[in-house]
Amino acid sequence: MGDTSGRSTELAAVVQWFEASARDLPWRTKPEPWAVLVSEVMLQQTPVSRVLPVFDAWMHRWPSPHGLAQESPGEAVRMWGRLGYPRRALRLHAAATKCVESFNGRVPSSLADLRSLPGVGEYTAAAVAAFAFGQRHAVLDTNVRRVHARWLDGTEHPATHSVTAAERARALELLPAAPREAARSSVSVMELGALVCTAHAPRCTECPLNDTCTWQLNGRPAWEGPPRRGQAWAGTDRQCRGRLMAVMRSTHEDVASSSLVAAWDDDEQRERALAGLIDDGLIVNVDGRYRLP
């Protein structure tokens, strides 16, 4: 792990870059805890451009956990639209219900309470605590990990798929002592990874860390770790599930099997995908017809 001593000036330069270059995103301009939680769940494995219209519609309809908790889980799935991984909609509904039942309708502020919300893991809890409540926590998403790997370790990508204890400790050590300054530093590094220090074709000459980045100073060595493959889509079970869910979202009526057959003609794959959606709680079988939960 790269040395973090004397890095405060470099990190301050990233914050200065952020102040001048950051995107104007609604969950930043008005970082209300519910909005931050919704955005963090929606942004999991989904780009900002796809999230923005769904986020705006969601917050207009359900500006607080209380509003969502009063709806059926199926309405959350319907509102989720085509963001993908729709179980996240069920988790947000369950989290809203927990907020109402246990936290007076508010998103809690402590890490332990945030972790008690359904579907909220270590990263999401840290992100909400930092970005909504201005706390000092290591917030390590894919973008932050990539910046740290290049800047401090001299590798194009992080060494492991999952966050390690050493990474987490280093990220916390890098942060300023003052909680709100630490939160600002976290979001600044995250934005740098999203806009400049990207996975492909990074714009190193525009980076405030360019002169001190170990990867850059070493000549940007090629990645020597395991191949990093993108996820296939066409013809996969994921695509099949998406087609079936599109049929379910298109109506408030129960759906006949024939409508699902029309959506995907491979019987074996369709039945496998349908069974998975039922197991995940995204579709309910009612006497041979189907509906959202």
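Me: Where does His200 sit?
Reply: His200 is in the loop between helix H12 (179-195) and helix H13 (214-217). Helices here are DSSP runs of H or I, at least four residues, numbered from the N terminus.

Me: What kind of model is this, and how are residues numbered?
Reply: It is a predicted model, where local features need pLDDT of at least 70 and side-chain atom pairs pLDDT 80 or more, while totals for chains, interfaces and linings use all residues. Residues count from 1 along each chain as its sequence is written, and side-chain values use heavy atoms, without hydrogens or water.

Me: Back to His200. Buried or exposed?
Reply: Exposed, because its relative accessible area is 69%. The cut-offs are under 20% for buried and over 50% for exposed, with partly exposed in between (1.4 Å probe, protein chains only).

Me: Another histidine, then. Which helix holds His148?
Reply: His148 belongs to helix H10, residues 142-153. His148 is buried, because its relative accessible area is 6%.

Me: What does His148 touch?
Reply: Leaving out residues up to four places away in sequence, His148 touches Leu140, Asp153, Arg170, Ala171, Leu174 and Val189. A contact means heavy atoms within 4.5 Å.

Me: And how far is His148 from Trp80?
Reply: 32 Å between the C-alpha atoms of His148 and Trp80, which are 68 residues apart along the chain.

Me: Which residues lie nearest its centre?
Reply: Gly84, Tyr85, Trp233, Arg238 and Gly242, out of 20 lining residues in the second largest pocket.

Me: Which helix gives the most to that lining?
Reply: Helix H14, residues 237-249, with eight residues of the second largest pocket's lining.

Me: How does the lining split by class?
Reply: Eight nonpolar, five polar and seven charged residues. Ala, Val, Leu, Ile, Met, Phe, Trp, Tyr, Cys and Pro count as nonpolar, Asp, Glu, Lys and Arg as charged, and the others, Gly among them, as polar.

Me: Tyr85 is on that lining list. Where is Tyr85?
Reply: Tyr85 is in the loop between H6 and H7. Tyr85 is partly exposed, because its relative accessible area is 27%.

Me: What is phi of Tyr85?
Reply: Near 45°, a positive value in a residue other than glycine. Most residues other than glycine have a negative phi.

Me: How far is Gln239 from Ser8?
Reply: 45 Å, C-alpha to C-alpha, and Gln239 and Ser8 are 231 residues apart in sequence.

Me: On to helix H7. What should its 16 residues span?
Reply: At 1.5 Å a residue, H7 (residues 87-102) should span 22 Å, and its end C-alpha atoms are 22 Å apart, so the two agree. The expected span is 1.5 Å times one less than the number of residues.

Me: Which residues of H7 are buried?
Reply: Arg88, Ala89, Leu90, Leu92, His93, Ala95, Ala96 and Cys99. The buried residues of H7 pack against helix H3 (33-42), helix H4 (48-61), helix H5 (65-69) and helix H6 (73-80).

Me: What comes just after H7?
Reply: Asn104, with a positive phi of about 55°. Asn104 lies in the loop between H7 and helix H8 (111-115). Asn104 counts as exposed because its relative accessibility is 76%.

Me: Last one: Arg78, in H6. Buried or exposed?
Reply: Buried, because Arg78 has 18% relative accessibility.

Me: What does Arg78 touch?
Reply: Met248, Arg249, Thr251, His252 and Leu292, not counting residues up to four places away in sequence. A polar atom of the Arg78 side chain lies 3.1 Å from the backbone oxygen of Arg249.

Methods
1 Å grid on protein atoms, 1.4 Å probe; cavity = no way out; pocket = protein on both sides within 12 Å on 5 of 7 lines; lining within 4 Å. Helix = DSSP H or I, 4+ residues; strand = E, 2+ residues; numbered from the N terminus. Polar contact = N/O pair within 3.5 Å; in protein donor to acceptor, adjacent residues only side chain to side chain.
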